[in-house]
Amino acid sequence: MSAPLIEMRGITKSFGAVKANEAVDLSVAPGEILGLLGENGAGKTTLMNVLFGAYAPDAGEIMVEGKPVSIHNSADALAAGIGMVHQHFHLAPRLTVLENLLIGIPGKSGRIDRAGGLARLTEISRQYGLSLDPNLPVSALSVGEQQRLEIIKALFRGAKLLILDEPTAVLAPSEVDGLFAALRSMAAQGLGIIFISHKLNEVRALTHRCVVLRHGKVAGRVDHPAQTTSAEMAKLMCGHEIVPPVREASTPGASVLTLDGISTAGHAGTPLRDVSLFVRAGEILGIAGVSGNGQRALADVISGMLAPRAGTMTIAGKTVAQFSPRELQALGLGRIPEDRMTTGLVTNLPLADSMVLPRIGTEAFSRKGLLNPAAIRAFAEEQIKAYDIRCPGPMVRAGALSGGNLQKALLARELAFDPKVLIVSQPTRGLDIGAARFIHEKFLAMHARGCGIIVIGEDLEELLMLSDRIAVMYEGRIAGTLPSADATIARLGLMMTGAGHTEEAA
Ligand SMILES: Nc1ncnc2c1ncn2[C@@H]1O[C@H](COP(=O)(O)OP(=O)(O)OP(=O)(O)O)[C@@H](O)[C@H]1O
């Protein structure tokens, strides 16, 4: 049998007292798609960062095609044939597709070889079914296209092993099929792939084999993912069964949030066009739609980040005047933004400070204009415990938390203040199955206590499970609203394409 494309042996890596990886063995054969699974903070990203040269391991070795290699940085990794597509892309937005591919690659004469680059791009596109217009600037590409460019970039630099860290988290369901077709084609042509995902149905559909990490160690291996149930995989990851949440019936009260004829302008995304909707106390309204159909403007208006051009909004009977986050918060609004890195937690502050930031001037955390560090720390400690946020403690830099734990911290921050209305975008993106279940239970409990919740999401199964009603956005408008009992994935999918207009009776 030929040597594995890549083999990691006994990899150990600690951050202070945290053993992020402990004696991990992993290998990938040519033509193999390996799933790398584990709870948030289990050590997946750390292990891949070791493979890609971002971290030096404390112990262990890496072999490429049977030979030991030292990987100290991404250039070493690329030279060894290892390419990585990170969750956050590393592209130059003003440069074109072709220019991004050519950055740092001089041609034979020392000058940039555009013609050679173009020929190679065309060849890679054809070989794996990954097409992109070479002359478009990156800023004009959709998120899915930017990801395609990152994949092409790795292949362009000769990657034989491609690591993808939660690639489907940023894709619309319709884009996932295209990605999977390309990955299967790469594997069929002898490349190796490491696929990190929390979506177990995707892992079962795509991968040939899986390695499961728990608390930094290998907790188990799955040899036939397609024949293993998601429940079995979840148990390996978490160490216990994951039970679906119970949805208790609640009787919705009066409307706590009403939008009437809201239109926007001057927004980077699709503007809103005459949007009217309401959510009642004790009700969850799901907002479905293909990303880019006005969801961001809707979330920004509701959270006071964007003032509408026309229309009115009321919260708990009070008309919003200024549209500032502070005003909305004072009226009882909680907000969990989509992008937790830039608009969520401030990642270079200590976790505790970041968790109280929106309310730092309130009595709970300051007195007579002076901060109360003991109260801030106590609050963070309480939330870390309640939400099982895996971190060394409240004073750790927020940016050192794993993606999923950062999301839990953001949820803890907003839910602790018992909002009357909560707006959340992609609430469980990047969360492991246990953490996602925990968040669902939190929403359902708040719903039972009378909070009105708007959930913007692309995961239709999640929306159907959580919501009382689902509104579909299309080109900045509400294309229709359905009670969840009447909604199916097929029906919502049709409405998301602009067809099948359905207006709910008022
Ligand atoms: N640069 C760092 N400094 C300190 N601690 C870190 C650092 N990077 C990771 N950790 C810690 O190491 C552990 C493993 O984190 P890692 O990001 O590898 O997990 P993960 O499995 O990728 O999680 P997720 O699914 O949430 O992305 C976590 O406890 C995390 O807080």
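Author: First, a word on domains: their bounds come from an automatic or database domain assignment. The model itself is predicted. The chain is divided into two parts, domain 1 (6-238) and domain 2 (255-496). Their C-alpha centres lie 31 Å apart. The contact between them draws 17 residues from domain 1 and 16 residues from domain 2. On the domain 1 side, helix H8 (residues 230-238) supplies the largest share, three residues. That side of domain 1 holds nine nonpolar, six polar and two charged residues.

Now the ligand. The shell counts 19 residues, and the closest are Phe 15, Asn 40, Thr 45, Ser 402 and Gly 404. By class, the shell has seven nonpolar, 10 polar and two charged residues.

Helix H15 (residues 433-448) packs against H14 at an angle of about 15°, and the two axes are 11 Å apart. Angles under 35 degrees count as roughly parallel. H14 and H15 are therefore roughly parallel to each other. Their crossing is left-handed. From H14 come Gly 404, Lys 408, Leu 411 and Leu 415. From H15 come Ala 435, Ile 439, Lys 442 and Met 446. This contact of H14 with H15 has five nonpolar, one polar and two charged residues. Note Gly 404: it is among the closest residues to the ligand, and Gly 404 also takes part in the contact with H15.

For contrast, take another helix pair. Helix H4 (residues 114-128) and helix H5 (residues 143-156) have axes that come within 10 Å and cross at roughly 115°. That makes H4 roughly perpendicular to H5. The crossing of H4 and H5 is right-handed. H4 brings Arg 120, Leu 121 and Ile 124 to the contact, and H5 brings Ile 152, Leu 155 and Phe 156. By class, five of these residues are nonpolar, none is polar and one is charged.

Technical notes
Residues numbered from 1 in each chain as written. Predicted model: local features only at pLDDT ≥ 70, side-chain atom pairs only at ≥ 80, totals over all residues. Near = placed C-beta within 6 Å. Nonpolar A, V, L, I, M, F, W, Y, C, P; charged D, E, K, R; others polar. Contact = placed C-beta atoms within 7 Å. Helix = DSSP H or I, 4+ residues; strand = E, 2+ residues; numbered from the N terminus. Axes fitted to C-alpha atoms, helices over the stretch in contact; angles between N-to-C directions. Parallel < 35°, antiparallel > 145°, perpendicular 65-115°, else oblique. Left-handed = near helix turned anticlockwise from the far one by under 90°.
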